[in-house]
Amino acid sequence: MTRSSGVLTLREIALPYMEDLRDVVNAPTLLSILDRNDVINVDTLSSRQPSATNVTQPGVRLPALTSSPGMVLVAFAPPDVRERILQEAKVTRFTEHTVVDRTELARIVYETRRVGYVVARQWISPDATGIAVPILSDDGTALAALSVTTPFGVGVPSDLLPALHTTARGISRAFLAGSGHTNPRLTLLMQQIRHATDPT
């Protein structure tokens, strides 16, 4: 499908930043968005060497409360959206370590909002840890989530979170600047529609 606008999509803007991050952390690097009660993977860059299991490939949809990108997106959603998801969204147990208690999930969401990131150990796969940060709009809500998947038990490298935050800020600034005077949420919606209707 040919785009009628010169406005770059979030994925197009994020890709070079994600490639740099992937090369630094050498781990699968993901871009995800919130769609109602689910998180949808927009893009995944695989690591250049064997790493932790990463089941979230482009187009995969997961319940928002079961992964690190989803928890970040819920934490930085508008208050009414956040509360609705915490109360109503499906909770799925993928491993024995997946958090399914809604009180604990709410605590994690609000702690994520306070500190600006989340670490989800063995929630999706027993051998993997997901680490995610928000890509923020100018109103403080999340446009998307940036995350990496690392092997469980290896420990989170001390430079990983700063690299994630720096990359997320770069993507946010570039996307908001590229949106010009248009509403960035409208631009993001147009991108989602284009992705859903693109036959390729």
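Thr-92 touches Pro-63, Thr-66, Thr-98 and Val-100, leaving aside residues up to four places away in sequence; a contact here means heavy atoms within 4.5 Å. Thr-92 sits in the loop between helix 3 (79–88) and helix 4 (102–115). Is Thr-92 buried or exposed? Thr-92 is buried, because its relative accessible area is 18%, and buried means under 20% (exposed is over 50%, partly exposed in between, with a 1.4 Å probe and protein chains only).

Before going on, a word about the model. It is predicted, so local features need pLDDT of at least 70 and side-chain atom pairs count only at pLDDT 80 or more, while totals for chains, interfaces and linings use all residues. Residues are numbered from 1 along each chain as its sequence is written, and side-chain values use heavy atoms, with hydrogens and water left out.

**The whole protein**

The protein has 6 helices and 6 strands. Helices (H or I, at least four residues) and strands (E, at least two) are DSSP runs, numbered from the N terminus. Read from the N terminus on, the elements run α-β-β-β-α-α-α-β-β-β-α-α. Here are some totals for the protein.

| Property | Value |
|---|---|
| Buried residues | 48% of the 200 residues |
| Contacts between residues 24 or more positions apart | 60% of the contacts with a separation of 6 or more |
| Accessible surface (Shrake-Rupley method, 1.4 Å probe) | about 9800 Å² |
| Share of that surface from carbon and sulfur atoms | 54% |

Two strands pair if DSSP finds at least two bridges between them; strand 1 (residues 29–35) and strand 2 (residues 38–45) have 7 bridges. Ser-32, for instance, has Asn-41 in strand 2 as its bridge partner. Strands of a sheet pair through backbone hydrogen bonds.

Helix 2 (residues 68–75) and helix 4 pack at an angle of about 70 degrees, with their axes 8 Å apart. Axes are lines fitted to C-alpha atoms, for helices over the stretch in contact, and angles run from 0 to 180 degrees between N-to-C directions. The two helices are therefore roughly perpendicular to each other, a label for angles of 65 to 115 degrees. Met-71, Val-72, Val-74 and Ala-75 in helix 2 meet Leu-105, Ile-108, Val-109, Thr-112 and Arg-113 in helix 4.

Conventions: Parallel < 35°, antiparallel > 145°, perpendicular 65-115°, else oblique.
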